[in-house]
Amino acid sequence: MKYFTSATIFKNSWDQVTSAFWQKYPGPYSKHVLSEDVVARHVGADSKLYSIRLLTKTNRMPKWGSFIFGNYSRFVSIVEESIVDPKARTLTTYTRNIGYTNFMVLEEKCVFKPSQDNHSWTELHRSIWVNSSLYGVSRALMAFGVERYKANMAKSNKALQHIIDKLYMPETVQDTLPQEMSKLRNQATAKAQDMAAQARGVVQ
(Lines give C-alpha, C1' and ligand atoms only; values in the text may rest on other atoms or scores of the structure.)
Protein backbone atom coordinates (compact mmCIF):
# COMPACT_ATOMS: atom_id res chain seq x y z
CA MET A 1 0.00 0.00 0.00
CA LYS A 2 1.13 3.54 -0.78
CA TYR A 3 0.14 6.60 1.27
CA PHE A 4 0.16 10.28 0.35
CA THR A 5 -0.97 13.41 2.18
CA SER A 6 -1.14 17.10 1.32
CA ALA A 7 -2.51 20.41 2.61
CA THR A 8 -3.98 23.30 0.65
CA ILE A 9 -5.06 26.77 1.75
CA PHE A 10 -7.97 28.57 0.14
CA LYS A 11 -8.06 32.29 0.95
CA ASN A 12 -11.79 32.14 1.37
CA SER A 13 -14.07 31.45 4.31
CA TRP A 14 -15.21 27.95 5.22
CA ASP A 15 -18.79 28.88 4.32
CA GLN A 16 -17.74 29.98 0.84
CA VAL A 17 -15.53 26.96 0.18
CA THR A 18 -18.07 24.39 1.36
CA SER A 19 -20.87 26.09 -0.58
CA ALA A 20 -18.74 25.96 -3.74
CA PHE A 21 -17.85 22.31 -3.08
CA TRP A 22 -21.41 21.21 -3.88
CA GLN A 23 -21.42 23.17 -7.14
CA LYS A 24 -18.12 21.97 -8.60
CA TYR A 25 -19.64 19.96 -11.47
CA PRO A 26 -19.75 20.64 -14.33
CA GLY A 27 -16.83 23.04 -14.75
CA PRO A 28 -13.88 23.80 -17.02
CA TYR A 29 -11.44 21.98 -14.72
CA SER A 30 -13.63 18.92 -14.13
CA LYS A 31 -14.43 17.75 -17.63
CA HIS A 32 -13.37 14.24 -16.63
CA VAL A 33 -16.47 14.02 -14.39
CA LEU A 34 -19.27 12.73 -16.61
CA SER A 35 -22.12 12.41 -14.12
CA GLU A 36 -23.02 13.20 -10.50
CA ASP A 37 -25.93 11.63 -8.64
CA VAL A 38 -27.00 12.09 -5.02
CA VAL A 39 -27.79 8.60 -3.74
CA ALA A 40 -28.75 9.57 -0.18
CA ARG A 41 -28.82 12.68 2.00
CA HIS A 42 -30.15 13.36 5.49
CA VAL A 43 -29.59 15.42 8.61
CA GLY A 44 -28.77 13.19 11.57
CA ALA A 45 -29.86 13.54 15.18
CA ASP A 46 -26.46 15.15 15.77
CA SER A 47 -27.42 17.97 13.32
CA LYS A 48 -24.75 16.85 10.85
CA LEU A 49 -25.51 16.55 7.14
CA TYR A 50 -24.73 13.10 5.72
CA SER A 51 -24.55 12.61 1.94
CA ILE A 52 -23.62 9.88 -0.52
CA ARG A 53 -22.92 10.75 -4.14
CA LEU A 54 -22.07 8.53 -7.09
CA LEU A 55 -19.70 10.01 -9.66
CA THR A 56 -18.74 8.66 -13.07
CA LYS A 57 -15.34 9.74 -14.34
CA THR A 58 -13.10 9.03 -17.29
CA ASN A 59 -10.57 6.29 -16.59
CA ARG A 60 -7.28 6.86 -18.39
CA MET A 61 -4.73 4.09 -18.23
CA PRO A 62 -1.06 4.36 -19.24
CA LYS A 63 0.02 2.69 -22.48
CA TRP A 64 1.75 -0.14 -20.64
CA GLY A 65 -1.50 -0.76 -18.76
CA SER A 66 -3.48 -0.97 -21.98
CA PHE A 67 -0.94 -3.45 -23.32
CA ILE A 68 -1.29 -5.68 -20.25
CA PHE A 69 -5.05 -5.48 -19.74
CA GLY A 70 -6.19 -5.06 -23.35
CA ASN A 71 -9.67 -3.61 -23.83
CA TYR A 72 -11.07 -1.92 -20.75
CA SER A 73 -13.81 0.60 -20.01
CA ARG A 74 -12.83 4.24 -20.32
CA PHE A 75 -15.08 5.06 -17.37
CA VAL A 76 -15.01 4.30 -13.65
CA SER A 77 -17.58 4.79 -10.87
CA ILE A 78 -16.65 6.59 -7.65
CA VAL A 79 -18.64 6.70 -4.40
CA GLU A 80 -18.27 9.75 -2.17
CA GLU A 81 -19.54 9.86 1.41
CA SER A 82 -19.49 13.21 3.19
CA ILE A 83 -20.28 14.69 6.59
CA VAL A 84 -20.89 18.38 7.19
CA ASP A 85 -20.57 19.43 10.83
CA PRO A 86 -21.83 23.04 11.02
CA LYS A 87 -20.99 23.32 14.72
CA ALA A 88 -17.36 22.21 14.41
CA ARG A 89 -17.22 23.83 10.94
CA THR A 90 -15.79 20.81 9.15
CA LEU A 91 -16.62 19.10 5.89
CA THR A 92 -15.19 15.58 5.69
CA THR A 93 -15.38 13.42 2.58
CA TYR A 94 -14.45 9.78 2.02
CA THR A 95 -14.08 8.70 -1.60
CA ARG A 96 -13.21 5.36 -3.20
CA ASN A 97 -13.50 3.70 -6.57
CA ILE A 98 -16.07 0.92 -6.89
CA GLY A 99 -14.95 -0.09 -10.35
CA TYR A 100 -11.70 -1.89 -11.21
CA THR A 101 -11.12 -2.80 -7.59
CA ASN A 102 -9.44 -6.02 -8.78
CA PHE A 103 -6.75 -3.80 -10.33
CA MET A 104 -6.38 -0.98 -7.84
CA VAL A 105 -8.27 0.67 -4.97
CA LEU A 106 -7.75 4.37 -4.22
CA GLU A 107 -9.31 5.71 -1.03
CA GLU A 108 -9.28 9.41 -0.24
CA LYS A 109 -10.13 11.40 2.87
CA CYS A 110 -10.53 15.19 2.68
CA VAL A 111 -11.15 17.53 5.58
CA PHE A 112 -12.13 21.17 5.04
CA LYS A 113 -11.88 23.38 8.13
CA PRO A 114 -11.04 27.00 9.04
CA SER A 115 -7.33 27.69 8.92
CA GLN A 116 -5.56 27.85 12.26
CA ASP A 117 -3.42 30.72 11.00
CA ASN A 118 -6.28 32.80 9.61
CA HIS A 119 -9.89 31.97 10.46
CA SER A 120 -11.03 33.79 7.32
CA TRP A 121 -9.26 31.13 5.24
CA THR A 122 -9.92 27.42 4.79
CA GLU A 123 -7.54 24.48 5.09
CA LEU A 124 -8.00 21.35 3.03
CA HIS A 125 -6.16 18.28 4.28
CA ARG A 126 -6.04 15.31 1.90
CA SER A 127 -4.96 11.74 2.63
CA ILE A 128 -5.01 8.87 0.15
CA TRP A 129 -4.31 5.17 0.34
CA VAL A 130 -3.58 3.25 -2.86
CA ASN A 131 -3.55 -0.53 -2.87
CA SER A 132 -3.28 -3.25 -5.50
CA SER A 133 -2.95 -7.00 -5.12
CA LEU A 134 -2.54 -7.75 -8.81
CA TYR A 135 0.38 -10.13 -9.03
CA GLY A 136 3.45 -8.85 -10.85
CA VAL A 137 2.30 -5.27 -11.48
CA SER A 138 0.94 -4.13 -8.11
CA ARG A 139 3.89 -1.80 -7.40
CA ALA A 140 3.62 -0.16 -10.81
CA LEU A 141 -0.14 0.28 -10.46
CA MET A 142 0.15 1.81 -6.98
CA ALA A 143 2.89 4.20 -8.12
CA PHE A 144 0.78 5.17 -11.12
CA GLY A 145 -2.24 5.77 -8.86
CA VAL A 146 -0.31 8.12 -6.57
CA GLU A 147 1.26 10.08 -9.42
CA ARG A 148 -2.04 10.47 -11.25
CA TYR A 149 -3.67 11.63 -8.02
CA LYS A 150 -0.98 14.28 -7.53
CA ALA A 151 -1.50 15.52 -11.10
CA ASN A 152 -5.28 15.64 -10.69
CA MET A 153 -5.03 17.35 -7.31
CA ALA A 154 -3.97 20.64 -8.91
CA LYS A 155 -6.94 20.47 -11.29
CA SER A 156 -9.27 19.75 -8.37
CA ASN A 157 -8.01 22.83 -6.51
CA LYS A 158 -8.46 24.98 -9.61
CA ALA A 159 -11.95 23.59 -10.13
CA LEU A 160 -13.00 24.52 -6.60
CA GLN A 161 -11.36 27.95 -6.72
CA HIS A 162 -13.02 28.65 -10.06
CA ILE A 163 -16.48 28.07 -8.57
CA ILE A 164 -15.61 30.12 -5.46
CA ASP A 165 -14.58 33.03 -7.69
CA LYS A 166 -17.75 32.75 -9.77
CA LEU A 167 -19.94 32.76 -6.67
CA TYR A 168 -18.19 35.36 -4.55
CA MET A 169 -15.72 37.26 -6.75
CA PRO A 170 -17.33 37.28 -10.22
CA GLU A 171 -15.30 40.30 -11.28
CA THR A 172 -12.15 38.13 -11.22
CA VAL A 173 -13.60 35.64 -13.69
CA GLN A 174 -14.49 36.19 -17.32
CA ASP A 175 -17.86 34.53 -17.00
CA THR A 176 -18.76 32.62 -20.15
CA LEU A 177 -21.93 31.12 -18.66
CA PRO A 178 -24.38 29.99 -19.85
CA GLN A 179 -22.43 29.15 -23.02
CA GLU A 180 -19.68 27.38 -21.05
CA MET A 181 -22.12 25.33 -18.97
CA SER A 182 -24.17 24.40 -22.01
CA LYS A 183 -21.06 23.19 -23.81
CA LEU A 184 -19.96 21.11 -20.81
CA ARG A 185 -23.41 19.56 -20.44
CA ASN A 186 -23.44 18.65 -24.13
CA GLN A 187 -20.00 17.05 -23.80
CA ALA A 188 -21.11 15.09 -20.73
CA THR A 189 -24.26 13.93 -22.52
CA ALA A 190 -22.25 12.77 -25.54
CA LYS A 191 -19.82 10.86 -23.31
CA ALA A 192 -22.68 9.27 -21.38
CA GLN A 193 -24.29 8.15 -24.64
CA ASP A 194 -20.98 6.69 -25.78
CA MET A 195 -20.67 4.84 -22.46
CA ALA A 196 -24.20 3.46 -22.84
CA ALA A 197 -23.45 2.32 -26.38
CA GLN A 198 -20.32 0.51 -25.17
CA ALA A 199 -22.33 -1.16 -22.40
CA ARG A 200 -24.92 -2.39 -24.89
CA GLY A 201 -22.12 -3.79 -27.02
CA VAL A 202 -20.76 -5.75 -24.05
CA VAL A 203 -24.20 -7.17 -23.23
CA GLN A 204 -24.76 -8.26 -26.81
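A residue is classed as buried when its relative accessible area is under 20%, as exposed when that area is over 50%, and as partly exposed in between. In the present model, which is predicted, W129 has a relative accessible area of 30% and is therefore partly exposed. The aromatic partner of W129 is Y3, and the centres of the two rings lie 5.5 Å apart with their planes at 45°, so the pair is tilted. Y3 belongs to strand β1 (residues 2–10) and W129 to strand β7, so that this pair links parts of the chain that are 126 residues apart. It is one of 4 aromatic pairs that the structure holds.

The strands that carry these two residues are part of an open sheet of 7 strands, arranged in the order β1-β7-β6-β5-β4-β3-β2 with antiparallel pairing. Strands β1 and β2 stand at the edges and have a single partner strand each, so one side of each is left without a neighbour in the sheet. On average, and with direction ignored, neighbouring strands of the sheet are turned by 15° against each other.

Within this sheet, strand β4 (residues 75–85) is joined to β5 by 8 bridges, the two strands running antiparallel, and E80 has T95 in β5 as its bridge partner. Strand β5 (residues 90–97) pairs in turn with strand β6 (residues 105–114), again in the antiparallel sense and over 6 bridges; here Y94 has K109 of β6 as its bridge partner. The antiparallel pairing of β6 with strand β7 (residues 122–131) extends over 10 bridges, with C110 standing opposite R126 of β7. Helix α3 (residues 138–168) lies across β1, β6 and β7, and its direction is at about 15° to that of β1.

A further aromatic pair is formed by F21 and W22, whose ring centres are 5.0 Å apart and whose planes are at 85°, an edge-to-face arrangement. Since the planes of an edge-to-face pair must be over 60 degrees apart, the angle of 85° between F21 and W22 places this pair in that class. The two residues are also part of one aromatic cluster, which F21 and W22 form with F112.

When residues up to four places away in sequence are not counted, R41 touches W22, L49, Y50, S51 and R53. Among these residues, S51 makes a polar contact with R41, side chain to side chain, at 2.7 Å. The C-alpha atoms of R41 and S82 are 9.4 Å apart in space, while the two residues are separated by 41 positions in sequence.

Note on methods
Residues numbered from 1 in each chain as written. Predicted model: local features only at pLDDT ≥ 70, side-chain atom pairs only at ≥ 80, totals over all residues. Heavy atoms only, no water. Contact = heavy atoms within 4.5 Å. Polar contact = N/O pair within 3.5 Å; in protein donor to acceptor, adjacent residues only side chain to side chain. Pairing = 2+ DSSP bridges. Helix = DSSP H or I, 4+ residues; strand = E, 2+ residues; numbered from the N terminus. Phe/Tyr/Trp six-rings, centres within 6.5 Å; stacked < 30°, edge-to-face > 60°. Buried < 20%, exposed > 50% of the residue type's maximum accessible area, 1.4 Å probe, protein only. Axes fitted to C-alpha atoms, helices over the stretch in contact; angles between N-to-C directions.
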